[in-house]
Amino acid sequence: MKKLLRHIIIFLLPVFLVWFATELFYRTTPNNFTYKNKQLKAYYDTAETIVFGDSHAFYGVNPEYLDTTTFNASNISQSLYFDKLLFERHIDSFKTIKQILITVAYTTLSEEDNKLDLVTRKYFYQNQMDLDVPLISAFNPRKYSLALSRSFRKTADLIGEYYEKGTLVTSHPNGFLTTNTIERSSNDLDRVAKIVTKRHEDNLLDFGKNTKRLQSIINACKQRDIKVCLVSFPVNYRYVKLVNSDKVDKMYATCNILAKENENVTYINLFEDNRFRDEDFYDANHLNVKGAEKCSKILNVLLQESK
C-alpha cells in the first residue's frame, strides 16, 4: 500500500508543480484585466467620461483626443454582460462622472452570455477585475484556479509572449490600445473581411436580453444625472458588404429607439462612415492608431454638440 501511495505521489508531483507554477504566473503577472482594474480605480476622482465596450472601442477611442478626462475601460471581446457588471461595480465610486460611452457593434445586441471567447475570459473578469460573475457556478473549480481556465498550449504561448516582450499589458494608462500601429495593420483587407465576418455571424436577431441590459444601464445613469452615448464604431466597407444588412438595420433601429425614448441617451453611428479609408484600419473591423485619432476627434465634436 505504501509503495502504491509513493508511486501516486511521484506521478502527481510534476502535475502539481506545473499547476502551481501556472497559477503563480497568472496571479502575479499583470495583464489587461489587472491593469484596467487598477486604472479604473485610479480615475475615481477625475474621470468625466468612461468608455465601455469591446475591441472596437479599445482600438478606436484614444482619450488623448477628448476634451473631457476619459478612461477607456473597454477590452477585447468585452460583451454588454461584462459592461454592465463593470458599470455596476464602479459607477458610484466615480466622483466627477458626466457621461459614459457604450459600444454597439454588429455582434453586441445578439451576443450570447457564454459565447466561445468568453468561456475562459469570464474567470479573469471575476478573479482579476473584482467582479461577481453569476455565470460561474460555485462548484466550478476554475472559479478558484486560473491555471485551469485555459489550455496548456494557450498558457505556454502567453508565458512565451511575456518572456519575449516583458509584459502582457497592451493598454496605455488611459485605457487605449498600444498595439494597433500603422506598421502592423493588415494589407489584405479582402481576405480578413471574409474571415472576420464569418466568425462574427451568429445568425441571431433576438436583441431582447441585451437591449434590456442597455436600458438598465440607461436607467441607472438617469438616476445619477449621467449621459449615455451609444456608439457604433467604423468598420471597413468590405465588412459592411458581407454582414447581414437586416441585422445592421435592426441595430440602427434599436439604438435610435433607445435614444428617442430616453432623454439622457444619444446615438452616434459611424458604422458606415465614409470618412474612414483603408489606411485608417488595422484590419477589416478595427481602426489603427491613425484611424483612432480621427474617430476620437469626430466623437469629441459630436459629444460636445450633444451637451
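First, the ground rules. The model is predicted, so local features need pLDDT of at least 70, side-chain atom pairs count only at pLDDT 80 or more, and totals for chains, interfaces and linings use all residues. Residues are numbered from 1 along each chain as its sequence is written, and side-chain values use heavy atoms, with hydrogens and water left out.

Now the helix pair. Look at α4, residues 80–90, and α8, residues 208–223. Helices here are DSSP runs of H or I, at least four residues, numbered from the N terminus. The two pack at an angle of about 20°, their axes 10 Å apart. Axes are lines fitted to C-alpha atoms over the stretch in contact, and angles run from 0 to 180 degrees between N-to-C directions. That makes α4 roughly parallel to α8 (angles under 35 degrees count as such). The crossing is left-handed: the near helix is turned anticlockwise from the far one by less than a right angle.

Who touches whom? From α4 come Leu80, Tyr81, Lys84 and Phe87. They meet Asn210, Arg213, Leu214, Ser216, Ile217, Ala220 and Cys221 of α8. Contact means heavy atoms within 4.5 Å. The residues of this contact divide into 7 nonpolar, 2 polar and 2 charged. In that scheme, Asp, Glu, Lys and Arg count as charged, while Ala, Val, Leu, Ile, Met, Phe, Trp, Tyr, Cys and Pro count as nonpolar, and the others, Gly among them, as polar.

On to salt bridges. How many does the structure hold? There are 17 salt bridges, each a side-chain nitrogen of Lys or Arg within 4 Å of a carboxyl oxygen of Asp or Glu. Here are some examples.

Take glutamate 23 and arginine 27. Their closest N and O atoms are 2.9 Å apart. Both lie in helix α1, residues 2–28, 4 residues apart, about one turn of the helix. Glutamate 23 is buried at 9% relative accessible area, whereas arginine 27 is partly exposed at 39%. Buried means under 20%, exposed over 50%, partly exposed in between, with a 1.4 Å probe and protein chains only.

Next, aspartate 273 and arginine 275. The N to O distance is 2.6 Å. Aspartate 273 is buried, at 15%; arginine 275 is partly exposed, at 43%.

Then glutamate 293 and lysine 297, at 2.8 Å, N to O. Being 4 residues apart in helix α11, residues 289–305, they are separated by about one helical turn. Glutamate 293 is partly exposed at 28%, and lysine 297 is partly exposed at 40%. Elsewhere, salt bridges that share partners join Lys41, Arg89 and Asp130 into one network.

Notes: Angles under 35 degrees count as roughly parallel, over 145 as roughly antiparallel, 65 to 115 as roughly perpendicular and the rest as oblique.
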